[in-house]
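The tour goes from one selection to the next.

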Amino acid sequence: MHARRRPAPGFTLIEVMVALVVLSVMTLMGWRGIEAMLRTREIAQANLETTARLQTVLAQWEQDLLQLEEGRDSGVDALSFDGATLRITRHRPDGLQLVAWGVREGSLYRWESRVARTRGELQAAWAQSQQALVLDGRRLKALDGVQGWQMYFYRNNSWSNAQSADDMESAEKDGAQPPASSASKGGSGSTAANAGTATGSGSASGQNSGNGTSAGTDKDKNPNAPSRKKLPTGVRMQLQFQEGQGYGGPLLRQIMLGPQS
């Protein structure tokens, strides 16, 4: 009698192939999970950097506005917006500085002039700002992917477009001395432009003795009084971004300004 041989211990070829297939599927699933985690991490890091960059730019914009200062005899508006460029005259320890914000070629730029100590230097900086955001190498790129922007000023208890012309006021209201006006026609007396008193035959305080015309300190009463832009009490900025920049839509930011001396 012959003893039966037992099969040698091990795996068959089919079992090995099935095991390899299962291992390959598990490896592929694990790799996809790791890849998704890495992609999520990269997106989160990019969004974090974008948010940090945006917060830095907004903080600088707000700081420029909070340092706003109006030079009474500078001949330059302390705050203005022409649809493309926002210009701010801000206080510095040794003078005034002009800052310009503008959107050019899909990016938001910031430019600042050298500190101006005289009226002429400030006016020269204002003229330079016309092309500074395009040509000046000192301009800084603040944000990419900006499609456009708009500014609104808070005036007369409501928000209005920053380019509207409802912000003019007479310089005499704040005690500024307007230039001397010529003598009023049609009367026997001359009106003093910086005093609200008329002199001549039968002079009367606040009236022109020749024709009885009032010479008050308001611009409606004195057409020769210079006008200037009245500073708003609030500024609102709206940024429109290009698609695919990760901002999730337009950005609206506003800041209230303190009273200007």
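**Stop one: Glu112 and its partners**

Select Glu112 to begin: in this predicted model, its relative accessibility of 28% makes Glu112 partly exposed. The side chains of the two residues form a salt bridge, with 3.0 Å from N to O. Is Arg110 buried or exposed? Arg110 is buried, at a relative accessible area of 9%.

**Stop two: Glu62 and Arg253**

Select Glu62 and Arg253 next. Their closest N and O atoms lie 3.0 Å apart, in a salt bridge. Which elements does this pair link? Glu62 sits in helix H1, which covers residues 13–66, and Arg253 sits in strand S13, residues 251–256. The two are 191 residues apart, and the pair links distant parts of the chain. Arg253 is partly exposed, with 31% relative accessible area.

**Stop three: Asp82 and Arg87**

Move to Asp82 and Arg87, whose side chains meet in another salt bridge at 3.2 Å, N to O. Show the surface here and look at each partner in turn. Asp82 is partly exposed, with a relative accessible area of 41%. Arg87 is buried, with a relative accessible area of 4%.

How many salt bridges does the structure hold? The count is nine. As background, side chains of opposite charge can pair when their charged atoms come close.

Met26 is exposed, at 55% relative accessible area.

**Last stop: the whole chain**

Clear the selection and color by secondary structure. The protein has two helices and 13 strands. Of its 261 residues, 32% are buried. Switch to a surface view: the protein exposes about 16,600 Å², and carbon and sulfur atoms supply 54% of that area. Finally, consider contacts between residues at least 6 apart in sequence: 55% of them join residues at least 24 apart.

Technical notes
Residues numbered from 1 in each chain as written. Predicted model: local features only at pLDDT ≥ 70, side-chain atom pairs only at ≥ 80, totals over all residues. Heavy atoms only, no water. Helix = DSSP H or I, 4+ residues; strand = E, 2+ residues; numbered from the N terminus. Buried < 20%, exposed > 50% of the residue type's maximum accessible area, 1.4 Å probe, protein only. Contact = heavy atoms within 4.5 Å. Areas by Shrake-Rupley, 256 points an atom, 1.4 Å probe, with all protein chains shown as cover. Salt bridge = Lys/Arg side-chain N within 4 Å of Asp/Glu carboxyl O.
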